[in-house]
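Open the structure in your viewer and keep the selection tool at hand. The stops below say what to select and what is there.

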Amino acid sequence: MKYKLSFLLILGFVGLLYGVSAPQCPSGKSESLTQFANSLSKTDLDSVRKISIEFQKAAKEQTRECRESLFSIFHKFHSDFVNAKSQAMGALGEWTKEKRAELAQVGIAVSDHEGFATLEEDPNWSKTQFGTLIPEVWVEYLTLKKREMDEKAVKSWDEVVQKIAAWESFLKKHQHFPEKEEVTGFLGAHIQDLLTGTETNSLYHESAEGSGKLKDDAKKTYEKFIQTQKNSKYFTLVKGFYDKLRANGFKWTKNLEVYLNSHGIRTVPGMMGGP
């Protein structure tokens, strides 16, 4: 027995030395929840209720790492469920108050998109439903995602920069986060807005000559970004764009379009200060 204990202690030390970690959950727990999720219908609302109960039972009194693994399984099922339901969406008027309330009970919100209903995850639902069983990384993610849903319209360019900084900070802390692709999508959308504007918020004054001048609030935001976001993934892109703008007298010209397109940023005719 003494030799067996010594062997286990040595094995544990070697594991720490070489970065080998113990399984996140007790044997079979994650696999069991995954199998249960795979057995459920992606269209029956009761499926969400069932996996919610299973997650709570599985996550109770488990470590943070285990709860992160288990909640990732639940969240993937919930996201797939929302996507599957979205495929069958119709006109906004078809979704009655009763249907919306039923969806809300399983963490799904109905929103208007160009006259049609779209389904989205309600980030607050999981936090309310599961409380302290949700790991901190997921609470942080759901809080940031809720802000995205509540603030879809651009109110100020400084706000866009704040969102970029928040998501970049999140990714630096949680490099292997399961929903990294969605976070990257949010970042891509925000840098697109910051450099090209939106349909309702132009970066440039309108000009009959087609070379509108950059608005003061946008100019100040670019300058603030360059001063405060030196560690941003987008620092070089934004600074390069600003430098070209300054060289052009802060007016939109073709060479700016070429610059943005070369970095994967698409430009939309009519949004850059022209007629």
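How many disulfides does a search of the whole structure find? The search finds one. Keep in mind that this is a predicted model.

**Stop 1: the disulfide.** Select Cys25 and Cys66, which form the disulfide, with their sulfur atoms 2.0 Å apart. Look along the S-S bond: the torsion about the bond is about 105°, so this disulfide is right-handed. The pair links distant parts of the chain, 41 residues apart. Cys25 sits in the loop between α1 (2–17) and α2 (29–38), and Cys66 is in helix α4 (residues 64–86). Are these two cysteines buried or exposed? Both Cys25 and Cys66 are buried.

**Stop 2: Ser72.** Stay on helix α4 and select Ser72, which is found there. Which residues does Ser72 contact, leaving aside its neighbours within four places in sequence? They are Trp138 and Pro178.

**Stop 3: helix α7.** Select residues 136–150, the 15 residues of helix α7. At 1.5 Å a residue, this helix should span 21 Å, and its end C-alpha atoms are 21 Å apart, which agrees. Trp138, from the previous stop, is one of the buried residues of α7. Turn the view to look down the axis of α7: the buried residues fall within an arc of 165°, so they line one face of the helix. On the other side of α7, select Glu136 and Asp150, which are exposed.

Definitions and conventions. Residues are numbered from 1 along each chain as its sequence is written. This is a predicted model: local features need pLDDT of at least 70, side-chain atom pairs count only at pLDDT 80 or more; totals for chains, interfaces and linings use all residues. Side-chain values use heavy atoms; hydrogens and water are left out. Helices (H or I, at least four residues) and strands (E, at least two) are DSSP runs, numbered from the N terminus. The expected span of a helix is 1.5 Å times one less than its number of residues. Buried means under 20% relative accessible area, exposed over 50%, partly exposed in between (1.4 Å probe, protein chains only). The arc is that of the directions from the helix axis to the C-beta atoms. A disulfide is a pair of cysteine sulfur atoms within 2.5 Å. Contact means heavy atoms within 4.5 Å.
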